[in-house]
Amino acid sequence: MENNRTRRQSVMRMICARFIRDRQAMVGAVLVCILVLTALSASVIAPFDPIFGQNYDMVLQNPGTGSYMLGTDELGRDTFSRLVYGSRFTLAAAVIPVAFAMIIGIPIGVYAGYKGGFMDQWVIMRVVDAFQAFPSLILALALAAVLGGGFTNAMIAIGIGFLPNFIRITRSQVMSVRNLDYIQASKSVGCSDLSIAVFHILPNILPILLVQMTLSMASAVIAEAGLSYMGIGASPEQPSWGSMLRISQGYLSVQPWMAVWPGISISAIVLGFNLFGDGLRRAIDSKVRH
Amino acid sequence: MDKPVIEIKDLRVEFYSEGNTIPAIDGVGLSVYPGETLGLVGESGCGKSTVALAAMRILPRGISRIATGEILFDGKDLTKLSEQAMRDIRGNDISMIFQDPMTSLNPVYTIGRQLREGLFLHFDYTPQEVDEHILNMLKLVNIPRPDMIMKSYPHELSGGMQQRVMIAMALLCDPELLIADEPTTALDVTVQAQILSLMNSIQEKRRMGMILITHDLGVVAQMCQRVCVMYAGQIVETAPIDTILERPLHPYTKGLLGSMPDNTDEGPLKCIEGNVPLPGSISQGCRFADRCADYCDACRTQTIELAAVGTEHHVRCLKYEDKGVVI
Amino acid sequence: MRNLVFRLVSAIPVLILVSVMVFSLLHLLPGDPATAILGNEASPEAIAALNEKLGMNKPIIVQYGDWVYNLFHGNLGNSMVDNTPVTKLIAQRLPATLELTVGAFVVAIIIALPSGILSAARPGTWIDHVCTFISMLGMSIPHFWLGMMMILFFAVKLGLLPASGYVSLTQDPVANMEAMIMPMIATGFRQSAVLMRMVRSSMLDVMNADYIRTAVAKGLSERAVLVGQALRNAMIPVVTTSGLLIASLLGGLVITETIFSIPGFGKLMIDSVFRRDFTTVQGSILIVAVFVIIVNIIVDVLYTFIDPRIKLDKEDK
């Protein structure tokens, strides 16, 4: 037990060291940090009120007019402030659905991968297949039709969309690990299945799950933006970047900048998560290759 | 005396990654004469495969390169040839067969297609001539029902058949030199014998030079006229087969021969103490010094060259350096 | 053969599950469907009447049975808006979506295949970095925003292409292409990102194989090795994941059709959601799910044809 832990610690250290050396990965990490910091300090950073800061004299201004750094929208609200507050929605969209999918999906995946058998093959995996038959956006659409729109429902819908993936990946990782020698050794000593799952299997599959987590966060941000864009997610006054895009489409010929900034922000943050996840995957892979 | 088919002089191959450069083989020299089989012997990791890949100039790109040395073939130095010119030589004048025939054949194409490829590439035959050549070659390597084999896929053949196909593929263009890298290691013992005798007979007929790379001294004894022993990237002894077997001089060669199980031996198997050094870890002196029963201090510090100690017998060892002539 | 049979059999419970899921969609609505459709202000009699008409008063199993029975007779119910059969609605919209799907897929392949192969042939060089970065962008840029930017640039600013408006292919191919090219590129670019990474990693795996070494030792040129020997092997995992790609493509098309106002299947779905036309939503989702399942089965079968090692009903010599 002690040996395993020290080995894991040095492996973790090696992965971290590799990650830090990877320039692209660090760019991703920085972008993600920017998102978190912006979201947390939105009230401090934003100069104007994002929802009620209307100014009908300064409607649809170009970037740089007065103190409106990125211009204003159709109600005279400062685009920059809305963007800053919108980062909260983005952060929530990244974290909540993925947390939901992981908390529910990983235990199911571990069970399916470890126990196998009828329950796994014919029940769990078939349910997973059924869920995966619906493209995630369409799943969200259907749930929106039923539960109504709104940001929270969008989060649930996106989370449900990620469930099959986490179950699948966890399951296949567990299956590749469960026959390793020291797992057998633990079993033969009499460790319960639960303790084996928690103390031996999970730590080994954790790196890959972390990679999947970051990549899912990237998908979640885009999914939420898409749903808000279509009007099923956040409502228009809420400055979610996706709903900002929705509004901006009507004013595309009049004030195109309204459409540019939210899109760039979404792209940047998603890029950040993707670079982060990719860098993580590379850092782990190199360990395997040794 | 005939001119050698191929002559390698002072070859050094380096592997590099993340700023480190490691010499895989160093100062390697050998020559092969027409109709002769040269054995290249040594443990895994001693660099014998690297010599072969270097000769064909198919070292893994981007992580390795030929640092210095000459490879003289057909009046040209292969290290200086353009890639285009090398391609004309590969598979045509010099051929190579590898250890695992199952993975060395492309699984998604038929045997026939893979065999035809080489001929179409190097010669201007009509399709009928190509097929005729191939069928003849398949018969030569004792493959039954060659017409059916042509239409089969690699996974449908047994290991022995696959290796025969590889041999056929290598010989199709009538090369002057065949490099065989552990050709029988992946095969059953009974099949091994068949393949080896096949290679023998073909070589005799065509006066082809052959480099046989192996770690199996039994195979060497059966097939080779001369032997090069490699250790940690260097050649430590070269001699005719009888000399190597009866009068080995280098401590490593002696150790190798001594570790071969013998029916008459009693007691535990003899082995050479210690481990092979990591490439690049020993830059000075004899690389075998740590494991040698006979070493002296000078062994670790002096650069030791291959010295001639008899007719066609060269050794890289301080003990014999003064007795012989340094090359 | 055995593999194929197993595949088909295991699809049955999935189809059943899918049908149950889609069926229960209507019944997940808070309250009863009639109120959801008519609204809270409608009179209780109207609500009761509609509920009766919708068969809500029968036991749920019977409702499910009726619904499945109708399915097998090609009846997906009628639109709650204008009472046209859902099947007819879908059939009308299908051509546009099909064209978009094929077009986007073609765009994805045109981008992904060369860049993936090139990156694998020259790993670590600037070509590799550029191609990988472009694929990163493809994965990160929301395709609907890309579509908006394309409209902004090509339609609004340059006036080269129409911002919206669809003309069917049979009617006027040129006008059709003008309208469809931007949505195809916007959707296809995103799909190409994932595809390119697959191609690249698959090629890299293959390039390390022994048989590639054999091919090089035979004297084949790099191009002959890449395209002739490696590609065929590398395509195998790419084909098998194309099934997943199609599913993702369909999801993306919903938004794309909305931006570009293309009267396709995706737009039908979103419009129905907003118009609370639940039967159409239900029918559409079912079609999509069944389509995805069928595509995945086809891809699995295709796999057995591409890889000669998987011919299970052929005797070993």
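This is a predicted model: local features need pLDDT of at least 70, side-chain atom pairs count only at pLDDT 80 or more; totals for chains, interfaces and linings use all residues.
**Stop one: the two domains of chain B**

Next, look at where they touch. On the domain 1 side of chain B you'll find twelve residues, in contact with eleven from domain 2 of chain B. Pick out helix H8 of chain B, residues 189–206, which gives the most to the domain 1 side, with six residues. That side of domain 1 of chain B has nine nonpolar residues, three polar and no charged ones.

**Stop two: chain A against chain C**

Show chains A and C. Their contact takes 34 residues from chain A and 39 from chain C. On chain A, select helices H5 (117–132), H6 (136–147), H9 (193–230), H10 (241–250) and H11 (257–289); each supplies at least two residues of the side that touches chain C. Colour that side of chain A by class and you get 25 nonpolar, seven polar and two charged residues.

**Stop three: chain B against chain C**

Bring chain B back beside chain C. Here 26 residues of chain B are in contact with 20 residues of chain C. H4(B) has the largest share, four residues. By class, the side of chain B that touches chain C has ten nonpolar, ten polar and six charged residues.

How values were computed
Residues are numbered from 1 along each chain as its sequence is written. Chains are lettered from A and ligands numbered from 1 in the order in which they are written. Two residues are in contact if their C-beta atoms, placed from the backbone, lie within 7 Å. Ala, Val, Leu, Ile, Met, Phe, Trp, Tyr, Cys and Pro count as nonpolar, Asp, Glu, Lys and Arg as charged, and the others, Gly among them, as polar.
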